[in-house]
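User: Can you go through the charged pairs in this one with me? I have the model open.

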Amino acid sequence: MSQNTRRRRTIARHGQLRTPGPVSQLLKFIAIGLSVVLVSGAAVVGYIVYDFTSTVTANAVEIEGQKELPPDISEYKGGFNMVLAGVDTCEDAYKQYFGARCTGKDSEGTLNDVNLLVHVSDAPRRITVVSFPRDLMLPIPECTDAEGERHSAMSKQPLNTSYTDGGLNCVVQTLAKLTGQEIQFAASVTFGGVIEITNAIGGVDVCLANPIKDKYTGLDLPAGNKTLQGLEALQFLRTRHGVGDGSDLGRIGNQQQYMSNLAKKLISSDTLGNVPVMLKLATTAIDNLETSTSLADPMKIVQIGLAVKSVPFEDIVFLQYPTATDPDNPNKVVPSKAAAQEMWDAINANAQLQITYENTKNDGVVVTDPGTTAPTESTDPAATPDPAATPDNVVALPDTIKGTSAAQTTCSNGNVR
């Protein structure tokens, strides 16, 4: 396989390097589905469907090798998977916030610096979000970009260059090969959308165990609880020098705190019952979305929203794909395949996942409330026991896998740099 690349030259950014990465925007995509499902009034729904169809269909990307999908989400045996990529496009409205990334020698190309695989299981519904480090070194398979150009396979490249190489389809092919998961849906979102989405939802609450002062992003926050909006939310999600050991792995934990709190806010009654907020959330997200053709049907978004809106917090789990230091480059990481296989086995078995990893001073967050870890038993004596909800289907993950559930409370492990 060829190791030549058609990309711009990138620098290692797993370690203590200057160039900050972009924002994780997982819940922007899910918010569209929830908005379509839960706002009231036929006229509102009709407007969103029309706007979504006209905008998203024009930007839809074909995912290679995808099987014909059933018309209804409920028919997906074992559930379904979505890949969500955050790409660092330097949009005119936001590029002034990103310094050299958008104006200097490192400004060419578009990187998929945030990579998430969202697994939604069935019977019972559970949501597992796996974050993949951008500096994960792995094979990138042969893939076709949106213009129909075929790109040759490469034996070892950083994950965050797969979008540059072949767009959203190439990101999907790369993660499908790594994980062995069949991926039905995919979407990418752009660099600056977190500003608009946090404003649309009225901010996201976060907790800081220690102050954060990061000269690289301009973030300066005291310890305690904080509601983030606009640029400050963007700075919070971009910071890595300001949390843990200053690595990208530490930043993932901090981003997952934000995503967990955003998920809880999105499914809370005060948010989903607010028609103006939901409408603004949906229309804001539409402007920054690229999807697979499998997702260019607004009814699929409706179905996904219905599938995830009632999942209990303890069954919404955020994991970090297990890695080890790359022997060829200490600023990069490689897959830890044995631990990863245990993780996928548990996910595929639709087990309730238990995190056994204990956070240290190097991690981006500290756990302040462990939350619910035991399975929830039905209180209805007439209910038929669900085998999938019994203690027999609880799996303790290897202690090398970092993560948290939405039932837990984590706070940023801030520092001053």
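User: Start with E142. Is E142 buried or exposed, or in between?
Analyst: E142 is partly exposed, at a relative accessible area of 44%. Keep in mind that this is a predicted model.

User: Which residue does E142 pair with?
Analyst: The E142 side chain forms a salt bridge with that of R150, with an N to O distance of 3.2 Å. R150 is partly exposed too, with a relative accessible area of 41%.

User: How many salt bridges does the structure hold?
Analyst: There are 13 salt bridges in the structure.

User: Okay, what about a network of salt bridges, which residues are linked?
Analyst: One network links D113, R134, D135, D248, R251 and K332.

User: Take D135. What is the distance to R134?
Analyst: The side chains of R134 and D135 make a salt bridge at 3.9 Å, N to O.

User: Are R134 and D135 buried or exposed?
Analyst: R134 and D135 are both buried. For reference, buried here means under 20% relative accessible area.

User: And K332, how far apart are the closest N and O atoms in its salt bridge with D135?
Analyst: In the D135 and K332 salt bridge, the closest N and O atoms are 3.2 Å apart.

User: Where do D135 and K332 lie, and what does the pair tie together?
Analyst: D135 is in the loop between β3 (127-132) and β4 (137-140), while K332 is in strand β16 (residues 329-335), so the pair ties together parts that are 197 residues apart in sequence.

User: Is K332 buried or exposed?
Analyst: K332 is buried, as is D135.

Notes. Residues are numbered from 1 along each chain as its sequence is written. This is a predicted model: local features need pLDDT of at least 70, side-chain atom pairs count only at pLDDT 80 or more; totals for chains, interfaces and linings use all residues. Side-chain values use heavy atoms; hydrogens and water are left out. A salt bridge is a side-chain nitrogen of Lys or Arg within 4 Å of a carboxyl oxygen of Asp or Glu. Buried means under 20% relative accessible area, exposed over 50%, partly exposed in between (1.4 Å probe, protein chains only). Helices (H or I, at least four residues) and strands (E, at least two) are DSSP runs, numbered from the N terminus.
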